[in-house]
Amino acid sequence: MDYLSRLEHETVFILREAFARVKPMAMLWSIGKDSTALLWMIRKCFFGHVPFPMIQLDTEMELPEVYEFRDHIAKEWDLDFRAELCPPESEMDPTLPPASRAAARKTAGLKALIERDNYRGIVLGIRRDEQSMRAKERVFSPRARDGVWDFRNQPPEFWDIYKMDLPEGCHLRIHPLLHWTELDIWRYTLRERIPIVPLYLARDGWRYRSLGEKNITTPIRSEASSIEEIIAELEQTRTPERAGRTMDHDSEDSFERLRASGYM
Amino acid sequence: MKQSSYRDQLKLVVAGHVDHGKSTLIGRLLHETGSLPDGKVEELRRISEKRGMPLEWSFVLDAFQAERDQAITIDTTWIWLRTGHRDTVIIDAPGHREFLKNMISGAANADAGLLVVDALEGVKEQTRRHAYLLKLLGINQVVVAINKIDLVDNLEAKFRELEADVRAYLKGFGIEPTAVVPISAREGDNLTALSARTPWYSGPTLLETFSSLNVEAPASERPLRIVVQDVYKFDERRIVAGKVTSGSAQVGDTLMFSPHDRIAKIARIEPLDHLNSSDRISAGESVGIVLDEQIFVERGNVASHFANPPVLSNVFRGKLFWLGDKPLRAGATLKLRAGTLETQATVRAIESLLDLESLEHRRGNVVTRNDLATVRLSTSSILPVADGHDDKVLGRFVLLDGFDTVGGGLIDLKGIPDQRSNPAIKAANIKKVDLLVNRSEREIRHGHKGAVIWLTGLSGAGKSTLAVRTERALFEAGWQTYVLDGDNLRHGLNSDLGFSADDRSENIRRIGEVASLFASAGLIVLTAFISPYQRDRSRARSASADSFHEIYVKASLEACESRDAKGLYRRARAGEIKEFTGVSAPYEAPQAPELVIDTEQADVERCVHDLAEYIRKVCSR
């Protein structure tokens, strides 16, 4: 079995564990390349079905191409798709740097969603290589009632016998892509011919490497107009993936504050 | 389409005494291999300056502000290194606090270990402890880096001495290091190029040793094991979903599902996508299997080939890593998970303890946090198991206390007999005769499906009354029915059985098998037995697969006792009947019965009506 298939089979195993034991469950689909690749694997995992809702935490600030892609895929793949409108920026903690407030809005939206629909499991397409805090995550990561991540006292994770029991009111963040890298996702997207938001491909010398809200995400200089070219570019680059995301540069600890309080 | 090149990856866990330079080494390796993003070194410099210290490589690994401020690493981190023909994933398990938990979480599946030893200090307790833990976790490939050689006088002699020390120590528990490399993480000696400081050392460099390590391959040469995760019925297909943890199989192979020994052939491998359909499955794959017969299969079952099934047992020894806050003593009952199954386990005895601090084995009655203990466990149901050193799935278990994961370990089967019952093995040699009348033809003739309607409940709950009156109602409506109860079985088929625990269990097993035959003949058979134990009812269910319906005939003990039609409760209370269910023996109420009939809440007519309606619904064609 080749390397990409091995990653894929591990992801499928995790998804099936979660689906068997964690109910009700939903996935946050950001419409980006990672969660779309994960959605693709869910369809394979459940033999053509997507047996739980796909939720977008919507700030109404995504780029228009993202909404267009979302509506097309939701229809074509017959998804139980739900857009969850996030609370407005005016309700956010004013001490947060401006570029981090969209993330804070999503965190608040997620909290409201979990409280209202009593989800016990939230599936997320985060990866360990994205960000050094994410490198410390568990595959099944428990969250307290208030959504707080107790990173100082994470439970042990023995092999792939995952923690799936937890008290009423708490929930699990489930991370089936934790062991993938950015390059793995692109190689897999290419191999499987997974559709992507066209903004990832260069037009007139610019492309998006990571997709966030339109006011806080900037494209990078690139000539990569196909996935093959993106892969070639990433094999050479030494620029971090989220360089185009303003929030990551706000201050040393803003990502940490967001994440500990329940951000994805 | 041009196939993109892909890279493999090696998982390498880094261990060593706390100040021997692990983090500096990892930071430096990231830098030397060009794996750090642009701007990272500047960021490190900025963060270091802010705290008034020289460039601190370990900040690459410390993600949290709290970690950087307090110079403690809180949890296991994964770091990707771009190395040679494949990537290396460095797993950094911080050493000074919660090392056991950190090593286990993620690092337990590493392909190899890198042990860092300070050239000035030599092998310290922590070095010993970490090396020993690598071994216990089954990590047999180890590279040793003797660090800080830039600070040592008379280096060659000192290195030779340390190398001999480390080799001798590792050999003591069966590890032969792949290489012992003199390095300086701070100065970069012998990391990616040989250093002028060590003209007497001819290689390899540390990075070269990484490429000589082997990535663990899926165990496709071992006997077939498929752990069942779920059975999917999203559409007309009934797909058994699971992971092939070892071995391989193909369409047409006969599978046996442990622990109930149900047997069926692989009719089809359901592909994950239609571009890649295959007739074969092998180790490492997450698969979907369609069977040729509708046998009862559930999460927790393990499929094997017929000739080479896993050992079955409800007792075994466990080499336990204990992480519970509460000490563990003999007699404790905890939830046990192994593969995808779950059961209760009781600690029968604590045989020995290993103190991770001193590495001493000692006798003891109490296992405390971070101890390694050898314990004897018994489980409430029989499990497919394997020795922890042979099988990375069936040989491992995790213990939970309530919601908390409190420990885990490897199974040791030395001296444990296989409890697989001989009939199942014998059955393996019985060739099935193909009948010329099949079940669906019988069902067409009868006008309804066959089924087992299994009534369970306390004595006096109303099982027999309900069974005979429901049968009468259905019979009059033209349905083919039969009632099995104590009277028509105890005197004949089961006349050799008494009332010991084993005999009672065998009694229920035979009733389950007989009921299954009746159902296969197209009849609706109602059984009326207390059948107090879930495991006996589960076994009866597995005999009849999807045509089994567990009906909980519910009434409180008080109500049953006040009815006491046969005077049994009075005699049990007087001690004349021993082990009477509800009085002196337990009744395990069904956890997920298909139907509950509450005979306290409704009168007999209503109960009969409800049960008959249920049967009409599930047995209609």
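Tutor: A polar contact is a pair of N or O atoms within 3.5 Å, where within protein one atom must be able to donate a hydrogen and the other to accept it, and residues adjacent in sequence count only if both atoms are side-chain atoms. By that rule, 20 residue pairs, both residues at pLDDT 80 or more, are in polar contact across the interface of chain A and chain B. This is a predicted model, in which local features need pLDDT of at least 70 and side-chain atom pairs count only at pLDDT 80 or more, whereas totals for chains, interfaces and linings use all residues. Residues are numbered from 1 along each chain as its sequence is written, chains are lettered from A and ligands numbered from 1 in the order in which they are written, and side-chain values use heavy atoms, with hydrogens and water left out.

Student: What makes the pair B:Arg299 and A:Glu17 a salt bridge?

Tutor: The closest N and O atoms of B:Arg299 and A:Glu17 are 3.0 Å apart, and a salt bridge requires a side-chain nitrogen of Lys or Arg within 4 Å of a carboxyl oxygen of Asp or Glu, so the pair qualifies. The count between chain A and chain B is four salt bridges.

Student: Which helix supplies the largest share of the side of chain A that touches chain B?

Tutor: H1(A) does, with eleven residues. That side of chain A divides into 29 nonpolar, ten polar and 25 charged residues.

Student: Why is B:Lys463 called buried?

Tutor: Its relative accessible area is 7%, and buried means under 20%, exposed over 50% and partly exposed in between (1.4 Å probe, protein chains only), so B:Lys463 is buried. B:Lys463 lies in helix H10 (residues 463-476) of chain B, and the backbone oxygen of B:Leu458 lies 2.8 Å from a polar atom of the B:Lys463 side chain.

Student: Why is B:Ser464 called partly exposed?

Tutor: B:Ser464, also in helix H10 of chain B, has a relative accessible area of 38%, so B:Ser464 falls in the partly exposed range. UniProt, in an unreviewed entry, lists B:Lys463 and B:Ser464 among the residues of a "binding site"; such annotations may be inferred rather than shown by experiment.

Student: How do you know that A:Asp34 is buried?

Tutor: The relative accessible area of A:Asp34 is 11%, and therefore A:Asp34 counts as buried.

How values were computed
Helix = DSSP H or I, 4+ residues; strand = E, 2+ residues; numbered from the N terminus. Nonpolar A, V, L, I, M, F, W, Y, C, P; charged D, E, K, R; others polar.
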